[in-house]
Amino acid sequence: MKLCMIGTGYVGLVSGVCFSDLGNDVICVDKDKNKIDLLQKGKIPIYEPGLSELVIKNFRNKKLSFSTNLQKSVKESDIIFICVGTPTKKGGSSADLSQIYNVAKEISSSINKFKIIITKSTVPVTTGDEIEKIIAKKNSKKKFSVVSNPEFLREGEAIRDFSYPDRIVIGSNDKKSNRILKNLYNPLISKGAKYLNTSRRSAELIKYASNAFLATKITFINEIANLCEKTGVNVEDISIGMGLDKRIGGRFLRAGPAYGGSCFPKDTKAIITTADRFKSNLSVIKSVIKSNENRSNILLKRVHQILNNKIKNKKISFLGVTFKANTDDMRDSSSLIMIPSLSKKGAIIRYYDPTGFKKEFAKNENVTFENSIKKAIEGSDLVIIHTEWNDFKSINFKNLVKKKKFIIYDMRNIYSPEKIKEQGLKYFSIGR
Ligand code: UDX
């Protein structure tokens, strides 16, 4: 199959590379010439374990190519995946679909034979209808079919999620497209992935509803963790106890800082705006957003308590600042709230993250990047474990630093309270 991925961001690049690895001929298109030049040299603009190797392998095998020429690439392909960004509109909460519609217009001028046009980007329900209208202005409906095929890739696990998905959702009523796409995904279906064919609108909504539900699960357990702290209960027992009920399931019940990243914050807001437009009130998701936005304040309050409300000139170290481990992504990371707030109160902050310096903190006073765990925590009053990188899971704090009296606030519950207390350290965690 000849595939064209439009947009070489997270979704387009990972999906394109993985499709080429399954034996398809894939062209990845982006209007950003710098990005395309880098990719052609085998340099990857994002941090994703395993991606670089796959890009180099398939580029060398000539199964994968990169281009800035959208129209030519569309003409040469049978299936077009739209993978451009749908960020939150500036100053609003709905998804900005301008990139999607611009791409649809460009595609509409390049339809030289039957094409399947797929939205992989997360788009509000009914966007597929709009794309169809745009393309139909210049083309007969017999020459194309617009399908929704949402992605469920997690950053840091994207290649595994592509190769072993729980499900593949294809939203289309067009028999020909469904047959072709089932064939395209057959290597994954034969390994056990569930294949679900729905209407286009259903597929669009499945993506938003899934992300909103996962965000709800996390927020739910975060609030239960608050109660656990007040009642002397261990939230991990609650997660295990709840998760063993198959109707609930154990995943996404890890209490921690506010959820962040490129999807949950954006998609929960966008589904609400879409629902409001259809005069439907998603009150549960509205509460989830509010609770999550307040989460960083709750954790900051705890930091104040831990330091007896004396923040000025306190040396605070952050281990990890990205929104989760195995990504360099800072989008909506709770560290973006916590670090500036503590810096404003006069704390002296050092941070270490395996993915390096973050420009996001460059303007904050007394916030410095250190290039090792040791340098970041030496002489600290409080060490905050903000992100659950493996590098932080077995630190021998006592051996690593000279200063023996400092406090640890483990926001990801990666240490056992009993074991860390054996090292004579004062230790706080989440919901236990
Ligand atoms: C998410 C969805 O999981 C994926 O299916 C979708 O297509 C894209 O968005 P991603 O944003 O990469 O993926 O990360 P994910 O692993 O889902 O984590 C999102 C946030 O939730 C992170 O801040 C993470 O730390 C937090 N989280 C996750 C928890 O706090 N507790 C959990 O138990 C799980």
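Residues are numbered from 1 along each chain as its sequence is written, and side-chain values use heavy atoms, with hydrogens and water left out. Since this is a predicted model, local features need pLDDT of at least 70 and side-chain atom pairs count only at pLDDT 80 or more, while totals for chains, interfaces and linings use all residues.

The chain splits into domain 1 (2–198) and domain 2 (199–432), with bounds from an automatic or database domain assignment. Their C-alpha centres sit 32 Å apart. Contact (heavy atoms within 4.5 Å) involves 34 residues of domain 1 and 31 residues of domain 2. About 2,700 Å² is buried between the two, and carbon and sulfur atoms give 53% of that; buried area here is the accessible area (1.4 Å probe) that two parts lose on being put together, summed over both. On the domain 1 side, Y47, V125 and E155 lose the most area to domain 2, together 26% of what that side buries.

Now for the ligand. The shell around the ligand holds 18 residues, with E155, R254, G260, K324 and R412 coming nearest; a residue counts as near if one of its heavy atoms lies within 4 Å. By class, the shell has nine nonpolar, two polar and seven charged residues, with Gly counted as polar.

Polar contacts are pairs of N or O atoms within 3.5 Å. The backbone of R254 places a polar atom 2.9 Å from a ligand oxygen, and a side-chain N or O atom of R412 is likewise 2.9 Å from an oxygen atom of the ligand. For K207, a polar side-chain atom lies 3.3 Å from a ligand oxygen. The protein covers 95% of the 670 Å² of accessible area that the ligand has on its own (Shrake-Rupley method, 1.4 Å probe).

Elsewhere, D32 caps the N-terminal end of helix α2 (residues 33–40), with a side-chain oxygen 3.1 Å from the backbone nitrogen of N34. After α2 comes G42, with a positive phi near 80°.

Definitions and conventions. Polar contact = N/O pair within 3.5 Å; in protein donor to acceptor, adjacent residues only side chain to side chain. Helix = DSSP H or I, 4+ residues; strand = E, 2+ residues; numbered from the N terminus.
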